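Work through the two exercises below with the sequence and the model at hand, and compare each step with the solution that follows it.

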Amino acid sequence: MQVFLRIFLLLMLGVGSPLISYAKHIIGGEVTYECLEQTPTGRKYRITMLIYRDCDPSTGGADFDNPAYFSIYKGSANLNTLFTTQAITNVSVTYIIPDTPACIQNVPYVCVERGRYSFETILPIEEIDSYFIVYQRCCRNNSIVNIYDPETIGATYSVEITPKAQTFCNNSPVFNDFPPTIICKDAPLLFDHSASDVDGDQLVYSFCAPEMGGGPGLTSQNYTDCGGAQPQPPCAPPFAPVPFIQPQYSPTNPIGGNPQITIDSVTGLISGIPNKVGRFVVGVCVDEYRDGVKLSTIKRDFQFNVADCDLTVLVLVEGGDTLLLTPTGYYLSACGAKDLYIENKSLDQQFINKFEWRFDLDGVPYTNDSDWSPTIPFPKPSRYFGQLLLNPGEECADTANIVVDIFPGLNADFSYAYDTCVAGPVTFTDLSTAEANIRDWKWQFGVSNEASTDQSPVYTYQVPGEYPVSLRIIDTNGCKDSTVQFIDIKPVLQWYMPNAFTPNGDGINDGFSGKGSMLCATNFNMAIWNRWGELVFATEDPLEFWTGRSQKTGGMSPNGVYVYTVSFTGPKGEKFEYKGYATLIR
């Protein structure tokens with residue numbers, strides 16, 4: 001998508017004076033090293049610092065430091081001593097030609113220069129101690145929005161040469177390109193922030209905290225100390241991180257965005273869509289590993305400016321179950337549905353004179369220049385390649401490559417079984433179906449913090465009640481489905497009353513009581529009256545039965561018909577009542 005590269009517009013803004021001043025003209029930089037050779041007294045290194053400044057004369061920014069002061073400390077990050085200092089005057093200045101996009105209106109004036117400082121030094125090989133090469137300058141633009149008090153916060157550009165790196169005569173990674181400092185709000189950001197390593201080591205990328213250095217001191221007494229604008233010599237590690245305004249911003253989330261601006265740890269690709277206007281300090285770290293051993297870290301401190309760009313033509317699409325921005329365009333995937341609706345959200349429609357969708361549908365060309373947001377009939381699960389063209393053949397145009405994966409569908413389903421009287425174990429059985437292999441199951445049992453990743457789990461509810469049980473499944477294609485069933489954990493009460501008994505002492509049907517399961521019942525009460533309305537038996541124990549004797553006199557009751565009532569409360573508070581007749585026969 002060529003416009004993704006075109007919308008990056010470099011613009012550095014700063015203020016200062018050519019004399020004793022804050023270096024607010026500096027908006028980014030980094031320090032790297034090369035191991036040149038072994039000498040009788042140690043390794044010879046070439047140290048290089050690249051630093052970028054705004055050269056617009058209307059901003060009044062100071063020039064590059066001449067000389068620029070470097071310190072080399074030996075030891076650890078927390079315990080070290082000054083090894084040597086360098087005052088470098090051979091700065092090489094290069095004007096950076098901005099990549100001005102063709103489809104953005106009101107492009108501001110841009111002047112960017114890169115200063116290159118380089119010197120060689122010999123460092124004895126140390127088995128325990130590292131070397132820290134340090135440059136410091138204050139201060140940052142006071143309009144930066146993601147850190148506190150930016151006008152008093154300086155910058156430290158440094159690199160550590162670890163004992164392992166010394167042993168191997170290691171060369172640090174080197175960034176391939178300097179990122180854009182202006183990006184467009186609500187427009188996709190894709191920038192390859194990768195580095196190269198001549199030794200072929202493994203590189204791991206991350207956002208990290210830029211470091212402070214120097215301070216706002218401008219008097220002749222404090223200008224060159226650790227709180228001054230130009231420490232001479234630069235001060236020793238450890239270096240404090242810049243104070244991000246949290247929780248909105250952090251070292252790993254310096255800009256925000258929707259989706260959030262992120263960096264790929266493997267490729268170094270920075271991607272996302274910024275949604276806030278402002279200036280943001282960003283740090284990118286590259287960790288270098290060889291055979292699993294970390295050799296070094298290089299850190300770049302730079303500034304992103306997010307602006308309300310007047311974009312005229314830019315491809316933007318949404319759709320599918322998954323939507324990703326890649327260096328080559330868009331990636332979409334859909335699960336189960338072959339007809340896929342793709343929403344065209346391209347900018348700006350008043351400047352788009354024509355558009356065309358193109359897809360290869362299993363060898364059959366698909367073109368559509370009438371439906372702004374089409375529903376495309378993909379014939380079967382497969383991978384398809386297409387494009388969206390805006391203003392094809394015109395000067396202000398854009399084209400996006402689109403890759404679509406149509407995956408087979410899947411269906412989440414389950415059954416369950418449990419004992420009905422007590423709140424015992426419930427056995428859940430996965431009945432889900434999918435053409436691809438299901439790789440993940442996530443059960444939620446309707447109880448806080450109670451979940452399982454087993455395919456068919458067993459769970460015991462402690463309290464009767466109705467619970468929503470959900471199952472989410474994911475297959476090897478990343479397709480997802482979920483289902484919810486409500487399970488009523490209610491012990492089933494079974495209670496039956498007879499209508500006669502024979503208390504003759506033969507051991508058969510000698511007592512009168514109900515039959516069934518009452519383990520979950522409460523407030524049980526059974527009462528029996530004779531035909532004159534006299535109470536002859538009462539109990540609150542469902543296991544106790546009437547033997548035919550009167551509880552009042554102790555004597556045996558005569559044959560006849562008696563009236564009984566039974567009441568109790570169920571496990572959910574429901575009331576049960578039974579009324580009937582009991583015939584006493586001898």
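The model is a predicted one, in which local features need pLDDT of at least 70 and side-chain atom pairs count only at pLDDT 80 or more, while totals for chains, interfaces and linings use all residues. Residues are numbered from 1 along each chain as its sequence is written, and side-chain values use heavy atoms, with hydrogens and water left out.

**Exercise 1.** Determine how the residues of the lining of the largest pocket divide into nonpolar, polar and charged.

*Solution.* Sorting the lining of the largest pocket gives twelve nonpolar, six polar and five charged residues.

**Exercise 2.** Characterise the disulfide (a pair of cysteine sulfur atoms within 2.5 Å) that Cys-35 and Cys-169 form.

*Solution.* Step one: the sulfur atoms of Cys-35 and Cys-169 are 1.9 Å apart, and the whole structure holds five disulfides. Step two: the torsion about the S-S bond of Cys-35 and Cys-169 is about -95°, so this disulfide is left-handed. Step three: buried means under 20% relative accessible area, exposed over 50%, and partly exposed in between, with a 1.4 Å probe and protein chains only. Cys-35, with a relative accessible area of 9%, is therefore buried, and Cys-169 counts as buried at 18%.

How values were computed:
Nonpolar A, V, L, I, M, F, W, Y, C, P; charged D, E, K, R; others polar.
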